[in-house]
Amino acid sequence: MGQANLKLTLSCPGSLIIKVDPQRLRQVLVNLIHNAYKFTDEGRVDFGFLPFDADATFVTFYCSDTGCGISPEQGNRIFERFISYDTSGAKVHSGTGLGLAISKNLIELMGGKIWFESQEKKGTTFFFNLPLSL
Ligand code: ADP
């Protein structure tokens, strides 16, 4: 992590109360931010959560990058265990192919869902939502 030509921003529009295991949440955030850095050679990585209404029951977090993106074929399988693609940019990628499978599992255990949107060579945004506490 820590590419000199990458800008990292955090966006928290207001305060947020969720009752989750902080270790699980941290592991998901670390996985997503680590991947965003790993697959982005220049530009930015932004993460945070989206604004929500007073009557909302879920909060949506995101981690967005301007990296290599994910092809539709790869996208079909990235949440499976041991699926790891070398998208062969300037950086050498190495991974276990477990990060997203573990993240999906943890988020579902916390009552949420994970998904992504991506455009090849433009970037990727991972989203996940979690129930808000009353
Ligand atoms: P690993 O990073 O160890 O390969 P993951 O389960 O975290 O395993 O990710 C699986 C695959 O999903 C990666 O190998 C990569 O092809 C793709 N991927 C994940 N995050 C990104 C991202 N931000 N940009 C592009 N591809 C990604």
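In which strand does Asn129 lie? Asn129 is part of strand E5, where strands (E, at least two residues) and helices (H or I, at least four) are DSSP runs numbered from the N terminus. The model discussed here is predicted, with local features requiring pLDDT of at least 70, side-chain atom pairs counted only at pLDDT 80 or more, and totals for chains, interfaces and linings using all residues. Numbering runs from 1 along each chain as its sequence is written, and side-chain values rest on heavy atoms, with hydrogens and water left out.

We can turn to the ligand. Around the ligand are 20 residues, of which Asn35, Lys38, Asp65, Ser84 and Tyr85 come nearest; a residue is near a molecule if one of its heavy atoms lies within 4 Å of it. Polar contacts, pairs of N or O atoms within 3.5 Å, include a polar side-chain atom of Lys38 at 2.7 Å from a ligand oxygen and a polar side-chain atom of Asp65 at 2.8 Å from a ligand nitrogen. The backbone takes part as well: a polar backbone atom of Gly97 is 2.9 Å from an oxygen atom of the ligand. Taken alone, the ligand exposes 530 Å², and the protein buries 97% of that, with areas from the Shrake-Rupley method and a 1.4 Å probe.

Helix H1 (22–38), helix H3 (99–109) and strand E5 (123–131) are the elements that give two or more residues to the shell around the ligand. H1 gives the most, with 3 residues. By class, the shell holds 10 nonpolar, 8 polar and 2 charged residues, where Ala, Val, Leu, Ile, Met, Phe, Trp, Tyr, Cys and Pro count as nonpolar, Asp, Glu, Lys and Arg as charged, and the others, Gly among them, as polar.

A polar atom of the Asn129 side chain lies 2.9 Å from the backbone nitrogen of Lys113.

Most residues other than glycine have a negative phi. Phe82, in the loop between H2 and H3, has a positive phi of about 65 degrees although it is not a glycine. Phe82 is exposed, at 58% relative accessibility. Lys121, in the loop between strand E4 (113–119) and E5, also has a positive phi of about 65 degrees, and Lys121 is exposed at 77%.

Terms used. Polar contact = N/O pair within 3.5 Å; in protein donor to acceptor, adjacent residues only side chain to side chain. Buried < 20%, exposed > 50% of the residue type's maximum accessible area, 1.4 Å probe, protein only.
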